[in-house]
Amino acid sequence: MEFLSNIELYYTELIDEKKNQLIIADEEYNHLIKVMRHNAGDIFYVTDGKGKIYKCEILFVEKRLLSAGILESYTYPEKNKNIYFCLPKLKHHDRFDFALEKCVELGIINFIIFDSDRAISKGDKSERWYKIAAAAMKQSLQSYLPKIEFIKNLKLLSERGGVKILFEQNSNKSIQEFLLDVNKNYYFIFGPEGGLTEIELSYFAEENYYKLANNRLRTETAIIKAASLLSK
């Protein structure tokens with residue numbers, strides 16, 4: 001399996017593998033043509049967000065889109081497809097954005113973002129989160145577009161099937177001791193600043209509480225550390 005490096009990666013859904021062609025439009029088109037100054041005949045790389053990266057040649061450029069021929073394709077396995085990172089809204093948006101970005105770079109592709117009881121800022125910002133995740137996918141040369149879902153509270157998450165793992169500083173069990181089963185879905189749940197409330201904790205079984213470190217970590221640090229452990 002060939003892993004690419006030293007390339008600039010773009011994204012499109014407009015791919016016709018039967019004709020070995022694809023179309024680039026909108027923001028990706030603007031970056032390719034107006035920022036990077038590519039022209040017909042130039043080579044570039046694009047992902048479909050579903051596990052493939054294509055080496056392409058620009059065939060022709062129009063005012064709002066370009067057409068490219070597919071020269072080669074590379075297919076990559078979907079790692080961590082049964083792992084869901086459940087992230088709380090944070091007081092400082094930049095810290096949340098940073099954690100989301102780094103998780104994508106480390107190979108996490110499923111995110112559930114929730115409003116915790118102690119959240120100061122509430123509401124669905126999926127469009128903004130998606131842009132951050134998509135940019136991180138391209139920057140880190142990943143081939144799977146992250147999936148992002150927003151839910152209003154943790155009770156909704158507790159009702160889903162799968163194994164729920166909560167990160168709790170006072171737990172006697174370390175996450176390094178935990179073994180994953182590829183046939184199960186796992187939800188890794190992180191608390192906000194100030195932690196989860198007693199009511200939120202009551203939704204989940206105490207035997208699934210784990211700690212990430214002996215010292216207390218900021219939420220964004222805990223999120224990135226968990227992602228790094230899974231990326232090995």
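**Contacts, cores and salt bridges**

Mentor: Leaving aside neighbours within four places in sequence, Thr-197 is in contact with Asp-117 and Arg-118. Bear in mind that this is a predicted model.

Trainee: Is Thr-197 buried or exposed?

Mentor: Thr-197 sits in the loop between strand E11 (186-189) and helix H5 (198-201). Its relative accessible area is 14%. The cut-off for buried is under 20%. So Thr-197 is buried.

Trainee: Which element gives the most to the largest nonpolar core?

Mentor: That core has 36 residues, and Phe-85, Phe-188 and Phe-190 touch the most other members. Elements giving two or more residues include strand E7 (83-88), helix H2 (93-105) and helix H3 (126-139). The top contributor, with six residues, is H3.

Trainee: How many residues are in the second, separate core?

Mentor: Among its members are Ile-24, Leu-32, Phe-44 and Leu-66. The count for this second core is 14 residues.

Trainee: What is the phi of Asn-80?

Mentor: Most residues other than glycine have a negative phi. Asn-80 lies in the loop between strand E6 (65-75) and E7, and counts as buried at 16% relative accessibility. Its phi is positive although it is not a glycine, at about 60 degrees.

Trainee: How many residues apart in sequence are the parts that Lys-52 and Glu-17 tie together?

Mentor: The two side chains meet in a salt bridge, 2.9 Å from N to O. Lys-52 lies in strand E5 (residues 52-61), Glu-17 in the loop between E2 and E3. Lys-52 is partly exposed at 22%, and Glu-17 is partly exposed at 41%. The pair therefore ties together parts that are apart in sequence by 35 residues.

Trainee: Are Lys-89 and Asp-115 buried or exposed?

Mentor: Their side chains meet in a salt bridge, 3.7 Å from N to O. Lys-89 lies in the loop between E7 and H2, and Asp-115 in the loop between E8 and H3. Both residues are buried.

Trainee: How far apart are the closest N and O atoms of Arg-160 and Glu-149?

Mentor: Arg-160 lies in the loop between helix H4 (154-158) and E10, and Glu-149 in strand E9 (residues 147-151). They form a salt bridge, with the closest N and O atoms apart by 2.4 Å.

Terms used. Residues numbered from 1 in each chain as written. Predicted model: local features only at pLDDT ≥ 70, side-chain atom pairs only at ≥ 80, totals over all residues. Heavy atoms only, no water. Helix = DSSP H or I, 4+ residues; strand = E, 2+ residues; numbered from the N terminus. Buried < 20%, exposed > 50% of the residue type's maximum accessible area, 1.4 Å probe, protein only. Contact = heavy atoms within 4.5 Å. Core = buried A, V, L, I, M, F, W, Y, C linked by side-chain atoms within 4.5 Å. Salt bridge = Lys/Arg side-chain N within 4 Å of Asp/Glu carboxyl O.
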